[in-house]
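User: I want to learn how to read a protein model. Can you take me through it step by step?

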Amino acid sequence: MAATDEREAAFYAIVDSDGRIEPRDDMPEAYRKTLIRQIAQHAHSEIIGMQPEGNWISRAPSLRRKAILLAKVQDEAGHGLYLYAAAETLGVSRDQLLELLHTKRQKYSSIFNYPTLTWADVGAIGWLVDGAAITNQVPLTRCSYGPYARAMVRICKEESFHQRQGFESLLTLTRGSAAQKAMAQDALDRWWYPSLAMFGPPDTGEQAAPGGHTEQSMRWGIKRFSNDELRQRFVDMTVPQSEVLGLTIPDPGLRWNEERGHYDFTAPDYDELFRVIKGDGPCNEQRLRHRVDAQNDGAWVREAAGAYAAKQQARRREAAA
């Protein structure tokens, strides 16, 4: 018992000094499991998130836009790989994580269960969804778990590029024809509240959802700010950008509060958020089916690569004998 207490004290000494927990350090089992859940959900979101935008690669309006979108989708795949690698340092395999995703025992971000109906949706995802992701993820570069924090440094740099690209794409539309500006406004109308919901349910004050992870994750240094703080930061950042675009955020309750020094805004529909999380979103079944099909269709490639690696290893052993 004394040894356990000493290990826990050593763990909290690192966390409280804003240090980093590394894979070989002692850590509470609950801390490890929380990290696996969070990092896996993040990784799953990156690879599922390729689908809504990948749907528009063949229909991009120009070669330049197609090249930009291809590069972005490729980045998202890379982010998934970084994050699966970070999760593997906690003693879980990538195959295990994918099996949990495919059997609906692990989740991904609810935002990717909405359809991309027009080209403007690609810009809205870059501006709003990636903007929300950056707001969420920059604090994770200071996460107490070293491999996760280091992976987030590169991911955040690339997400910043994605956000600027989305904004620039919408800016081009809003400076185009009336129909193009209307298409951009329509995309904002549909993506605004799902983007606000990306930060999760309220976790402070009277509206705080019961059974949340925020308090414990903040004690462990995994999470630095509450869902509500991050959501407010996102709104405060995004409203001035919408004015530059000449678009109207679809919230009649949106107004600057001089006393608070922040914008007041209407909260998203959290009942809808929980419905989508539970599988009742517009594209839940489609997204997961596509992911499982892609995994199955690529099995021969993985098997061939494994056989080739084994053959090369055998040849090296023979040469060394």
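Analyst: Start with domains: their bounds come from an automatic or database domain assignment. Here the protein chain is divided into domain 1 (1-279) and domain 2 (282-320). This is a predicted model: local features need pLDDT of at least 70, side-chain atom pairs count only at pLDDT 80 or more, and totals for chains, interfaces and linings use all residues. Residues are numbered from 1 along each chain as its sequence is written, and side-chain values use heavy atoms, leaving out hydrogens and water.

User: How many residues does each domain bring to the contact?

Analyst: Contact means heavy atoms within 4.5 Å. Domain 1 gives 15 residues and domain 2 gives eleven residues. The domain centres, taken over C-alpha atoms, are 28 Å apart.

User: How many helices and strands does the protein chain have?

Analyst: Both are DSSP runs, numbered from the N terminus: helices are H or I with at least four residues, strands are E with at least two. The protein chain has 13 helices and two strands.

User: What percentage of the residues is buried?

Analyst: Buried means under 20% relative accessible area, with a 1.4 Å probe and protein chains only. In the protein chain, 47% of the 321 residues are buried.

How values were computed. Buried < 20%, exposed > 50% of the residue type's maximum accessible area, 1.4 Å probe, protein only.
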